[in-house]
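Keep the sequence and the 3D view open while reading.

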Amino acid sequence: MKLVVTVVGVDRVGIIAGISTILANHKVNILSINQTILDGLFNMIMMCETESEDVKDLTSIQESLVTLGSELGVEIRAQHADIFLSMHRVG
């Protein structure tokens, strides 16, 4: 299963470290990262992949990332890549 992880919030130490740790603990491989900091605002999108196709695993990943986001003061979302891409397709 491919996942898209998005992060938005005020920049601070530990955002990428925390997210990558959670993903590694769930056996999720990071395929690509695009990250920008503009005037103190952190914005990141990651394309990831896991061998699991189980929705329960996705739910567990999402819950862990939301908890981390609350701790760090950023919004973190993880979605199945097919859903993300269909929501953001133009035309």
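Is D39 buried or exposed? D39 counts as exposed, because its relative accessibility is 80%. Keep in mind that this is a predicted model.

**Helix pair**
- Helix α1 spans residues 15-25, and helix α2 spans residues 55-72.
- The two helices pack at an angle of about 160°, and their axes are 10 Å apart.
- An angle over 145 degrees counts as roughly antiparallel, so α1 is roughly antiparallel to α2.
- The crossing of α1 past α2 is right-handed.
- From α1, the contact draws on I15, G18, I19, I22 and L23.
- From α2, I61, S64, L65, L68 and L72 take part.
- By type, the residues of this contact are 8 nonpolar and 2 polar, with no charged ones.

**G18**
- G18 sits in helix α1 and is one of the residues that touch α2.
- G18 counts as buried because its relative accessibility is 17%, and the cut-off for buried is under 20%.
- A81 is 63 residues away from G18 along the chain.
- The C-alpha atoms of G18 and A81 are 21 Å apart.

**Loop residues with positive phi**
- K27 has a phi near 60°, a positive value in a residue other than glycine.
- K27 belongs to the loop between α1 and β2, the latter being residues 28-38.
- With 68% relative accessibility, K27 counts as exposed.
- D39 also has a positive phi, near 50°, and is likewise not a glycine.
- D39 belongs to the loop between β2 and β3.

**T50**
- T50 is part of strand β3, which covers residues 41-50.
- T50 counts as buried, because its relative accessibility is 9%.
- Beyond its neighbours within four places in sequence, T50 contacts M1, H26, K27 and V28.
- One of these partners, K27, is itself exposed.

**Salt bridge**
- Side chains of opposite charge can pair when their charged atoms come close.
- How many salt bridges does a search of the whole structure find? The search finds 1.
- The side chains of R77 and E75 form a salt bridge, at 2.7 Å from N to O.
- E75 counts as partly exposed, because its relative accessibility is 42%.

Conventions: Residues numbered from 1 in each chain as written. Predicted model: local features only at pLDDT ≥ 70, side-chain atom pairs only at ≥ 80, totals over all residues. Heavy atoms only, no water. Axes fitted to C-alpha atoms, helices over the stretch in contact; angles between N-to-C directions. Helix = DSSP H or I, 4+ residues; strand = E, 2+ residues; numbered from the N terminus. Parallel < 35°, antiparallel > 145°, perpendicular 65-115°, else oblique. Left-handed = near helix turned anticlockwise from the far one by under 90°. Contact = heavy atoms within 4.5 Å. Nonpolar A, V, L, I, M, F, W, Y, C, P; charged D, E, K, R; others polar. Buried < 20%, exposed > 50% of the residue type's maximum accessible area, 1.4 Å probe, protein only. Salt bridge = Lys/Arg side-chain N within 4 Å of Asp/Glu carboxyl O.
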